[in-house]
Amino acid sequence: MVIEQAKEVLKIEAQSILALMERLGPDFESAVDLILKARGRVILTGMGKSGLIARKISATLNSTGTPSLFLHPSEAIHGDLGMVSRNDLVLAISNSGKTVEIVALLPILKQMGAKIIAFTGGLDSPMAKLCDLTIDVGVEREACPMGLVPTASTTAVLAMGDALAVALLNRRHFNQEDFKKFHPGGSLGERLSIMIRDVMLTGDYIPTVTIGEKVSRAIEIIDAKKIGATLVLTKDNKLEGIVTDGDLRRALLEMENIKEKRVEDIMSLSPKTIDENNTAAEAMRIMELNSITHLAIVDRSNRIKGVVHLHDLLGREEFRINGG
């Protein structure tokens, strides 16, 4: 009985994947072209189990030459939109296309100028109507006998993500040598094994403002230093907070005369930190766990020693290979 039930699950999920083949068409080709032409990264987003699948697709894209990040939709509207630039492309995942957090997030991303691709079974859903391209990943039924637990639907999305990654891999002419660059045996692995002190920004390269300064000054520093954030320090150089692009956007929505406010009025408290003797790999782990792109480096007295951005960990040249 158990074996028969397991076979039925596998059969349903296999059929769901095979059914996708008949629906592949111009939108899929356009999605590949759009990603190849994008000057930024692929930002994947999804809630719940769709979010878990989005993380897996992001990992596959990264290891095959397409730089990507996962953005949690709830965290995005509370400051993490600073992770996204107008040059990025968003891949939003929702089986129904009605996920409240996703539907709320997409108009903001469109306003920022990002192109959006949907993976959904709801072709007439609010989410689909907000996207530039829609890839049909709908399934006839779930493998769950109640039809409630995402099973066949998440398998179908994962398979479509693999299809997208491999299509991009082929178009980029990504080969074994390129693969090594993005894995522990190659240059990326070697880079992630180095110490934070060897890649962090120091001295005048650190974007900083002092408690009491106006937000207008923070905007000037963020624009000048070009890493999307500025650290907020006390007068004795101790870390107090951070102001990111996301903090600025949220403040613009919630406050008036934002430029005249003090940085402490809008900063995020207790920013994540790391010791300079940790590895880049550990910094990457912290960033991924907290869905952030910046880490402050402090000493035991919490005085600032440096700052590191995700791009500095990976090496800015790692984001583009073979003209991709």
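Which residue in β11 is the bridge partner of Thr273? The structure is a predicted model, in which local features need pLDDT of at least 70 and side-chain atom pairs count only at pLDDT 80 or more, while totals for chains, interfaces and linings use all residues. Residues are numbered from 1 along each chain as its sequence is written, and side-chain values use heavy atoms, with hydrogens and water left out.

The protein chain has a mean pLDDT (the predictor's confidence in each residue, from 0 to 100) of 85, and 88% of its residues reach 70 or more. In residues 316-324 the pLDDT falls below 50, although this stretch has 23 contacts (heavy atoms within 4.5 Å) in the model beyond near neighbours in sequence. Where pLDDT is low, the predicted coordinates should not be read in detail.

Secondary structure elements are DSSP runs numbered from the N terminus, with helices (H or I) of at least four residues and strands (E) of at least two. An open sheet of three strands has the order β10-β11-β12 and mixed pairing, where two strands pair if DSSP finds at least two bridges between them. Because β10 (273-274) and β12 (304-309) each have a single partner strand, they stand at the edges, and one side of each is left without a neighbour in the sheet. The pairing of β10 with β11 (residues 294-298) is parallel and extends over two bridges; the partner of Thr273 in β11 is Ala296.

Ile304 lies in β12 and counts as buried (under 20% relative accessible area, with exposed over 50% and partly exposed in between; 1.4 Å probe, protein chains only), its relative accessibility being 10%. Beyond neighbours within four places in sequence, Ile304 contacts Leu231, Leu233, Asn237, Ala296, Ile297 and Val298. Its C-alpha atom is 9.9 Å from that of Gly203, 101 residues away along the chain.

Helices α2 (residues 26-37) and α7 (residues 152-171) pack with their axes 10 Å apart and at an angle of about 55°. The two helices are therefore oblique. The α2 residues Phe28, Val32, Asp33, Ile35 and Leu36 meet Met160, Ala163, Leu164, Ala167, Leu168 and Arg171 of α7.

Phe119, in strand β4 (residues 115-120), is also buried, at 1% relative accessibility. Among the residues that Phe119 touches, not counting those up to four places away in sequence, are Ile57, Leu91, Ile93, Val137, Met160 and Leu164. Phe119 and Leu133 are 14 residues apart in sequence, with a C-alpha to C-alpha distance of 8.9 Å.

Key: Axes are lines fitted to C-alpha atoms, for helices over the stretch in contact, and angles run from 0 to 180 degrees between N-to-C directions. Angles under 35 degrees count as roughly parallel, over 145 as roughly antiparallel, 65 to 115 as roughly perpendicular and the rest as oblique.
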